[in-house]
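Biologist: I'm new to this one. Can you put it on screen and walk me through it?

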Amino acid sequence: MCGIIGYVGEKSAPSILLDGLRRLEYRGYDSSGMAVLHDGVLEVRKCAGRIENLRKLVASSKIEGNTGISHTRWATHGEPTDSNAHPHFDQSGKLALVHNGVIENYQELRTELIELDHTFKSDTDSEVLAQLIGRYYAEEENSTSLAARLTDAIKKALSRVTGTYGIAIAHADIPGLIMGARLGSPLVLGLGENEHFLASDVSAMITHTREAIYLNDGDLVTIRKNAFEISALSGGKADYEISEVELAEDAAEIGDYPHYMLKEIHEQPQALRDAMRGRLSKEDATAMLGGLQMTSRELREVDRIILTGCGTASHAAMVGEYLLESLARIPTEVEISSEFRYRNIPTDKNTLQFVISQSGETLDSLAALREGKRKGCRVLGIVNGIASTIARESDGGVYMHAGIEIGVAATKTFTSQVTILTLLSLLLGRIRHLSTTDGLELIAELEKIPEKIRTILDGADRIKEVAQRFSATESMLFMGRQFNYPIALEAALKMKEISYIQASGHASGELKHGVIALVSKETPSVFIAPDDAVYEKNVSNIEEVKARKGPIIGITTEGKTGLERICDEVLYIPSAPPPLTPLLSIVPLQLLSYYIAAERGCDVDKPRNLAKSVTVE
Ligand code: AGP
């Protein structure tokens with residue numbers, strides 16, 4: 001949540017900061033701002049609303065300078081207003097700070113500072129940090145230099161803070177210098193020629209540099225035009241390495257699509273090919289996942305798997321649970337990260353935990369990872385964000401290689417996660433009971449999935465028609481069984497987050513245990529009923545809804561007839577073995593939610609109140 005970027009160099013800071021913020025907008029978009037140092041003064045521009053508002057503000061009220069910090073916000077403490085937008089300043093007005101994270105004990109610190117005659121201009125937790133650092137800076141008179149004085153003040157203030165932070169700080173008295181620190185929120189140092197960057201994510205600086213250092217929790221960093229220094233907040237040296245950034249500069253371009261979400265839905269065939277590339281062995285009829293860093297013997301000893309994730313990743317995990325149990329016969333549990341971190345789930349030495357995360361920065365999932373490691377479990381990641389915190393802290397894992405996903409609603413990363421969980425199930429299955437023939441058959445079917453998705457996408461116009469018919473609805477139910485129960489949950493999440501329709505997903509079998517009370521002429525039910533062992537059971541449930549006059553959209557397999565008689569609309573997916581149907585059935589449902597949201601005039605890529613990367617608890 002929230003994106004920050006700082007720049008020190010020879011170029012014009014405002015345009016670099018604006019471009020970086022535009023690329024970080026997925027992290028939050030309710031207000032933004034920047035502070036740029038010029039002739040010993042920190043000039044600030046900030047406002048509520050999208051980055052576009054800030055761009056207009058900076059264009060109409062110009063600022064200049066080669067050193068600056070900036071921020072795009074997702075509100076935690078305080079409404080999204082001009083005054084709550086970052087940067088925030090200390091009492092002297094000379095120290096500016098941008099912050100990503102949450103200062104949990106801010107109220108107590110704020111009260112303490114107010115008693116010392118500090119006045120606050122915002123309702124944010126972040127301003128407390130700016131004021132506290134400023135206070136210690138004012139008190140530190142014996143330092144050898146102003147930079148050393150600021151370093152000491154930052155260390156002292158952060159030692160009093162409970163919570164998480166990725167911060168960047170500039171001081172009017174110290175030209176050409178920015179300091180930063182991180183704990184629980186990402187911060188990356190970009191190395192350029194005669195310039196350095198500090199940002200929440202490499203995408204913010206990709207047009208300027210390919211060399212980055214991913215900072216660790218507890219790091220303190222100082223950047224100048226020609227130098228940088230990383231040390232530990234607790235004192236002493238910090239370990240770091242320089243990484244080459246692989247992200248394509250145009251990866252975040254929207255092309256001819258009206259929204260990133262639609263583009264990303266259409267990228268699924270390629271994303272799935274990339275998830276499988278080099279990971280299937282026909283010779284051994286298995287999957288090769290070297291990143292797990294486990295031998296066959298070690299994998300053989302695994303007797304229980306725990307899959308953790310949030311939101312869409314937890315739905316992918318649920319599909320994974322069905323896959324691992326049916327293909328590999330390994331007891332598997334799914335636990336949403338925010339619960340896992342506070343539960344006390346018994347584990348043993350043969351329990352393997354996976355953390356599934358697109359961003360690799362979701363705080364709850366990171367906490368679940370750390371909790372698993374604390375218990376002595378081997379914790380692996382299934383992550384899209386290269387070199388993200390979860391990727392770096394895992395004991396190993398599998399990268400999704402889905403490419404950057406900008407739309408807040410996860411689409412291609414969901415199918416990519418499910419693909420990787422299928423590969424994992426194949427690998428673990430082949431170590432256990434799955435025969436060569438079974439393995440080869442699964443590989444052959446899996447390889448056909450991208451093309452089958454392509455045919456669903458080719459039929460998007462038909463899905464758009466259905467969307468238009470139901471776009472005015474205010475509530476929807478989604479139902480599925482077995483492998484497609486998690487798809488009902490995921491489809492409902494897609495619908496509610498981008499179209500603001502009250503939607504809920506259920507196991508079809510639960511209908512008569514309560515959900516059926518919601519069935520009415522005004523509430524359409526979507527049934528995911530491919531041609532599988534539970535098709536007839538789904539049909540019975542559809543009849544129950546039909547008998548109560550509920551409108552019905554059915555999703556079934558091409559060539560399967562019968563639903564047309566009882567459903568108001570039927571959408572078709574190509575035939576596939578039941579374990580692979582989730583990879584297909586979710587696609588028309590992603591498109592359905594997309595077209596409904598677009599029809600309702602919703603801001604599809606940036607839904608209200610949400611952010612792509614949830615780095616606060
Ligand atoms: C999905 O559409 C949501 N944006 C959200 O549920 C998301 O999947 C969740 O926040 C987890 O994010 P992660 O995969 O980056 O950890």
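**Charges, pockets and buried residues**

Modeller: D201 is buried (under 20% relative accessible area; exposed is over 50%, partly exposed in between, with a 1.4 Å probe and protein chains only), yet D201 has no salt bridge. The nearest side chain of opposite charge is R27, 4.5 Å away. A salt bridge here is a side-chain nitrogen of Lys or Arg within 4 Å of a carboxyl oxygen of Asp or Glu. For charge, Lys and Arg count as positive and Asp and Glu as negative, while His and the chain ends are not counted.

Biologist: What kind of model is this, and how are residues numbered?

Modeller: This is a predicted model, where local features need pLDDT of at least 70, side-chain atom pairs count only at pLDDT 80 or more, and totals for chains, interfaces and linings use all residues. Residues are numbered from 1 along each chain as its sequence is written, and side-chain values use heavy atoms, with hydrogens and water left out.

Biologist: Back to D201. Where does it lie, and what is it in contact with?

Modeller: D201 sits in the loop between β10 (195–199) and β11 (211–214). Helices (H or I, at least four residues) and strands (E, at least two) are DSSP runs, numbered from the N terminus. Leaving aside neighbours within four places in sequence, D201 is in contact (heavy atoms within 4.5 Å) with L24, Y26, R27 and V188.

Biologist: How many salt bridges does the structure hold?

Modeller: There are 37 salt bridges. One of them joins K225 and E10, with the closest N and O atoms 3.3 Å apart. K225 lies in the loop between β12 (219–223) and β13 (228–232) and E10 in the loop between β1 (3–8) and α1 (13–24), so this pair ties together parts that are 215 residues apart in sequence. K225 counts as partly exposed, at 29% relative accessibility.

Biologist: And R182, which partner does it meet in a salt bridge?

Modeller: R182 pairs with D217, at 2.8 Å from N to O. R182 is in strand β8 (residues 178–183) and D217 in the loop between β11 and β12, so the pair ties together parts 35 residues apart in sequence. R182 is buried at 2% relative accessibility, and D217 is partly exposed at 25%.

Biologist: Where do K448 and E445 lie?

Modeller: Both are in helix α14 (residues 436–458), three residues apart, which is about one turn of the helix. K448 counts as partly exposed at 41% relative accessibility, and E445 as buried at 18%.

Biologist: New topic. How many cavities of 30 Å³ or more are there?

Modeller: The count is two cavities of 30 Å³ or more. On a 1 Å grid over the protein atoms alone, a cavity is a set of points where a 1.4 Å probe fits but cannot get out; a pocket is an open set with protein on both sides within 12 Å along at least five of seven lines; lining residues have an atom within 4 Å of a point. Grid points are joined across faces, edges and corners, and a volume is the space filled by probe spheres set on the points. The largest cavity holds about 50 Å³. Its lining residues include C2, R73, W74, H77 and D125.

Biologist: What about the second largest pocket, which residues lie nearest its centre?

Modeller: C310, G311, T312, K612 and V614 do, out of 33 lining residues. The volume of the second largest pocket is about 630 Å³. Helix α9 (311–328) is among the elements that give two or more residues to this lining, and α9 gives the most, with five. The lining divides into 13 nonpolar, 14 polar and six charged residues. Ala, Val, Leu, Ile, Met, Phe, Trp, Tyr, Cys and Pro count as nonpolar, Asp, Glu, Lys and Arg as charged, and the others, Gly among them, as polar.

Biologist: Last one: is A287 buried or exposed?

Modeller: A287 is buried, with a relative accessible area of 2%. A287 belongs to strand β16 (residues 286–287). Apart from neighbours within four places in sequence, A287 is in contact with R279, L423, L426 and L427.
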